[in-house]
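Biologist: I would like to learn how to read contacts and cores in a model. Can we work through one together?

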Amino acid sequence: MSPRTPWQALVRARYPRTVWPWRSAGYLATGVLTGVPASLVLLLLVVFSFVLVGLPLLLLAGVALGGIERRRLRLVDLDPAADPHRVPDAPGLVAWLRVRVREQATWRELAYAVLHATVLWPLDLIVLAVALGLPAALISTPLQLAMDGEEAKVVKAYVVTSYPQAFAAALLGAVLLVALLYPLAALAGARAALSRALLAPRETELRERIGEVTASRARLVDAFEAERRRIERDLHDGAQQRLVALTMSLGLARLDAPPGPLADRLTEAHAEAGRVLTELRELIHGIHPQVLADYGLGAALTDAADRSAVPVDTDIDLPRLPTAVESAGYFAVCEALANIGKHSDASQARITARHTDRRLRLVVEDDGSGGADPVRGSGLTGLADRLAVLDGTLTIMSPPGGPTVLGVEIPCRPLSEPSASSSPRTASSSARA
């Protein structure tokens, strides 16, 4: 495994020949480049803060520098530091400031800005001067002697008057450069660790963010289910009723029309309207079956088994569950049954459904040829994504030659105790065209 930080690279024997010494030097050098203007800005804002004008700007400066430093941290830490800040609930500068002032991350960034502007960048400069500047001065001794012609002062301390002495100093500089690359990387790693500790999100902040994402995802699922039920209701109460009225009107017109071409065309139109009405009813059933809304997942799975192209045994014992869970479980089983009918060459299938340990467990088995692979686009990938929204999991065991076992687990709590309508039952339905 390749190293991710300078500290991990230091334990490798080939460390001097890798890019990590130069990444470390670049990290410290860019620290000087950001530290000098940070010192000037900090000094200016401190002066303005005496009249209370610089305090908000000082806070903003800390946030801005924190963002820059998290990006600069990638030079020596290949695992990016996430932004610890929350997204404001409302747009505008006032809402943004209100959220930032209440966050601990904002004050940690301000503390880092002060530390960087007063202590860290001078330390970076000193480390670079010792680890790179001193060896560079020694290595350049022959060049200094050639330019002067008579003598060269090594690091302003020793006078070299001959080329053997100059090349000896250059050799010492080369050895010293390799030796000092190790403390250079160690200090860069410590500097990066301090930056990550102050600028990256804490564990509590990550947990809060995960909680916000989970709650937001739950709201999206509920909104999606509500929108789907609205579409189903509009189709059922609007388009379907108009199609029924149209079919009846065409039927009456066909009866009143005299035999001939007009009657034949009315007959064709009446038949076509009937087919459209049938397709619309199937579409409404696919959006959200009425049996699922009225009687729950257990009855809906039994209905899906009855309509399957392959005979299906059912073993179902389910209470009423949250709407989103029942919908996801139902469509997971329907997708599995559709795949069995299209791809498996199975002669028999079985559905097992249980709610135990606050988890819905669905198992769909068949005696087909196996070989189900989500990568080949059989609809299983989309099914797994849909279950992931509810923290559910999809498992597939389908060796070549079969059998195929598809398992679904969704964490949830029942809305009520199991009723007689969802009592355990085993049924077998014949294949329907």
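Modeller: Start with the word contact: heavy atoms within 4.5 Å. Keep in mind that this model is predicted.

Biologist: Which residues in α5 meet which residues in α6?

Modeller: From α5 come Ala137, Leu138 and Ile139. They meet Thr141, Pro142 and Gln144 of α6. By type, the residues of this contact are 4 nonpolar, 2 polar and no charged.

Biologist: How do the axes of α5 and α6 cross?

Modeller: Helix α5 spans residues 104–139 and helix α6 spans residues 141–148. Their axes come within 4 Å and cross at roughly 50°. Angles between 35 and 65 degrees count as oblique, so α5 is oblique to α6.

Biologist: Now the cores. What is the general idea?

Modeller: In soluble globular proteins, nonpolar side chains tend to be buried together. Here the largest nonpolar core has 35 residues. Leu297, Leu301, Tyr330, Leu337, Leu360 and Ile410 have the most contacts inside it. Helix α12 gives the largest share, 10 residues. Leu337 touches Ala304, Ala305, Ser308, Val312, Ile351 and Val364, leaving aside neighbours within four places in sequence.

Biologist: Which residues does a second, separate core include?

Modeller: That core has 21 residues, among them Tyr15, Ala25, Val76 and Leu128.

Biologist: Is Ala25 buried or exposed?

Modeller: Buried means under 20% relative accessible area. Ala25 has 9% relative accessibility, so Ala25 counts as buried. Ala25 lies in helix α2, residues 20–49.

Biologist: What is Ala25 in contact with, beyond its neighbours within four places in sequence?

Modeller: Leu128, Leu132 and Leu184. Ala25 and Ala188 are 163 residues apart in sequence, yet 7.7 Å apart in space, C-alpha to C-alpha.

Notes: Residues numbered from 1 in each chain as written. Predicted model: local features only at pLDDT ≥ 70, side-chain atom pairs only at ≥ 80, totals over all residues. Heavy atoms only, no water. Axes fitted to C-alpha atoms, helices over the stretch in contact; angles between N-to-C directions. Helix = DSSP H or I, 4+ residues; strand = E, 2+ residues; numbered from the N terminus. Parallel < 35°, antiparallel > 145°, perpendicular 65-115°, else oblique. Nonpolar A, V, L, I, M, F, W, Y, C, P; charged D, E, K, R; others polar. Core = buried A, V, L, I, M, F, W, Y, C linked by side-chain atoms within 4.5 Å. Buried < 20%, exposed > 50% of the residue type's maximum accessible area, 1.4 Å probe, protein only.
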